[in-house]
Amino acid sequence: MTQLFPEKTDDPYLYLAGDESYKCELIEEMNQVWRRPDSLIDTPMHYCPGCGHSIAHRLLMEVVEELDIVERTVGIAPVGCAVFAYNYLNVDMQEAAHGRAPAVATGIKRVLPDRILFTYQGDGDLAAIGTAETIHAVNRGEKIVIVFINNGIYGMTGGQMAPTTLAGAKTSTTIFGRDPSVHGHPLRIAEMIAPLPGAYYVTRQAVNTANHVRKTKKALLKAFQYQIDNVDGTCFVEIVSNCPSGWKMTPLESNELLEDEIFQFYKLGDLKLPGKE
Amino acid sequence: MAKIHGHISINIENCKGCELCTNECPQESLKMSDNINKKGYHYAVLVEDNCTGCTNCAMVCPEAIITVYRQTKQKRQPVAVISNVTENLNINID
């Protein structure tokens with residue numbers, strides 16, 4: 001008879017997965033090469049299985065720990081799926097009104113210039129209701145990092161069309177697919193703000209495969225390092241993510257759709273690097 | 001090529017069964033269990049002994065519940081020492 005609920009033990013396996021898991025006798029001699037960051041609070045996240053938000057949370061905390069700025073980092077939580085980000089990120093957090101995270105970050109950075117500010121926003125927050133705040137914060141060249149999670153849908157409210165939804169995509173408000181003549185064209189925020197003189201570093205990354213996750217981490221490291229160096233401009237990191245629940249797919253299917261269709265429109269890579277036009 | 005041994009441990013109670021790690025593993029040593037955890041999800045388990053500790057599964061795990069271990073690189077022990085090549089050849093075999 002298989003054990004349905006394995007019991008908690010004190011060995012390095014944390015919870016023994018019954019008899020089916022392969023057990024390694026050499027584990028005492030091995031080095032721990034990767035573990036959950038300490039700054040990520042040890043609690044199950046409320047995100048759907050396979051959501052890219054959780055990976056972005058983890059990467060932020062890894063970066064903050066590697067740069068040793070945990071004590072002086074302030075994050076601004078958005079409205080949307082990531083509204084409870086302060087339950088998971090063990091740094092100083094501030095909740096902002098819908099779309100107003102860059103404005104709040106501006107205020108905090110100007111009052112406390114030695115703090116490292118980042119905003120964490122989804123596409124309903126940054127690309128729809130907060131477009132004006134984003135553009136003006138970048139145009140002023142505020143010394144903050146804007147992390148933009150773009151999954152092309154309003155995930156929290158039940159899968160409605162977002163400004164970033166691709167043409168032809170079916171959502172709960174565009175049941176026959178998004179028609180650009182009626183609903184408008186999808187908005188490429190990163191391309192829009194890259195020409196602004198206040199933008200210092202603009203990049204678009206993804207979190208669907210291990211290599212993309214590593215590249216995203218490097219981009220975040222760069223963005224935070226620029227802010228520590230007190231460069232004159234805003235760093236903008238767009239992360240193209242999946243939304244398995246909103247797209248009505250399994251996590252694996254949603255990652256395939258990212259590779260097949262979405263990266264054709266949202267091309268990955270650096271859009272603006274310091275010293276290059 | 002010397003094989004590097006690795007190992008992972010998974011906190012199965014926080015696993016949500018998204019199957020991203022089983023898809024990403026280059027050695028195909030992970031699979032989804034037939035059992036379920038307390039939340040009702042089929043959790044991921046390591047079933048093969050060919051893990052190399054590449055951390056791909058940990059990179060894509062949304063819940064960050066995978067801890068990766070890797071064997072330290074063993075220094076190569078010389079089996080024979082050759083010296084004094086020009087005059088009279090000495091070979092010492094341990």
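Which strands of chain A does helix 2 of chain A lie across? In this predicted model, helix 2 of chain A lies across strand 2 (73-77), strand 3, strand 4 and strand 5 of chain A.

## Model and confidence

The structure is a predicted model, with an ipTM of 0.82 and a pTM of 0.87. Chain A has an average pLDDT of 89, and 91% of its residues score at least 70. For chain B the average pLDDT is 85, and 97% of the residues score at least 70.

One stretch of chain A calls for caution. Over residues 10-16 of chain A the pLDDT stays under 50. For this stretch the model has 12 contacts beyond four places in sequence.

## The sheet of chain A

Chain A contains an open sheet of seven strands, in the order 3-2-4-5-7-6-8 and with mixed pairing. Strand 3 (92-95) and strand 8 (269-272) of chain A form the edges, each pairing on one side only. From one strand to the next, the twist averages 20°.

Strand 4 (residues 116-122) and strand 5 (residues 145-150) of chain A run parallel and are joined by five bridges. Within this pair, Tyr120(A) stands opposite Val147(A) in strand 5 of chain A. Strands of a sheet pair through backbone hydrogen bonds, in either a parallel or an antiparallel manner.

## Helix packing

Helix 2 of chain A runs at about 175° to strand 4 of chain A. This helix (residues 101-111) also approaches helix 4 (residues 131-139) of chain A: their axes come within 7 Å and cross at roughly 35°.

On the helix 2 side of this contact in chain A are Pro102(A), Ala103(A) and Thr106(A). They meet Glu133(A), Thr134(A) and Ala137(A) in helix 4 of chain A. The residues of the contact divide into three nonpolar, two polar and one charged.

## The nonpolar core

The largest nonpolar core has 90 residues, of which Val145(A), Val147(A), Phe236(A) and Val237(A) touch the most other members. Helix 1 of chain A provides the largest share of this core, seven residues. In soluble globular proteins, nonpolar side chains tend to be buried together.

Leaving aside neighbours within four places in sequence, Val147(A) is in contact with Ala56(A), Leu60(A), Phe118(A), Thr119(A), Tyr120(A), Val237(A) and Ile239(A).

## The interface between chains A and B

Contacts between the chains involve 40 residues of chain A and 37 residues of chain B. On the chain A side, strand 1 (30-34), helix 1 (52-66), helix 7 (210-228) and helix 8 (251-265) each supply at least two residues. Strand 1 of chain A gives the largest share, five residues. The chain A side divides into 26 nonpolar, eight polar and six charged residues.

Strand pairing also crosses between the chains. Strand 1 of chain A and strand 4 (residues 66-71) of chain B run antiparallel and are joined by four bridges. Gln32(A) has Tyr69(B) as its bridge partner in strand 4 of chain B. Within chain B, strand 4 is joined by five bridges to strand 1 (residues 6-10), and these two strands run antiparallel. There, Ile8(B) stands opposite Val68(B) in strand 4 of chain B.

## Positive phi angles

Most residues other than glycine have a negative phi. Asp68(A) has a positive phi of about 60° although it is not a glycine. Asp68(A) lies in the loop between helix 1 and strand 2 of chain A. With 9 other C-beta atoms within 10 Å, Asp68(A) is exposed, since the cut-off for an exposed residue is 12 or fewer.

Lys248(A), likewise a residue other than glycine, has a positive phi near 60°. Its position is in the loop between strand 7 (234-240) and helix 8 of chain A. Is Lys248(A) buried, exposed or partly exposed? Lys248(A) is partly exposed, because 13 other C-beta atoms lie within 10 Å, a count between the cut-offs of 12 or fewer for exposed and 20 or more for buried.

Note on methods:
Residues numbered from 1 in each chain as written. Chains lettered and ligands numbered in written order. Predicted model: local features only at pLDDT ≥ 70, side-chain atom pairs only at ≥ 80, totals over all residues. Contact = placed C-beta atoms within 7 Å. Nonpolar A, V, L, I, M, F, W, Y, C, P; charged D, E, K, R; others polar. Pairing = 2+ DSSP bridges. Axes fitted to C-alpha atoms, helices over the stretch in contact; angles between N-to-C directions. Core = buried A, V, L, I, M, F, W, Y, C linked by C-beta atoms within 7 Å. pLDDT = per-residue confidence, 0-100.
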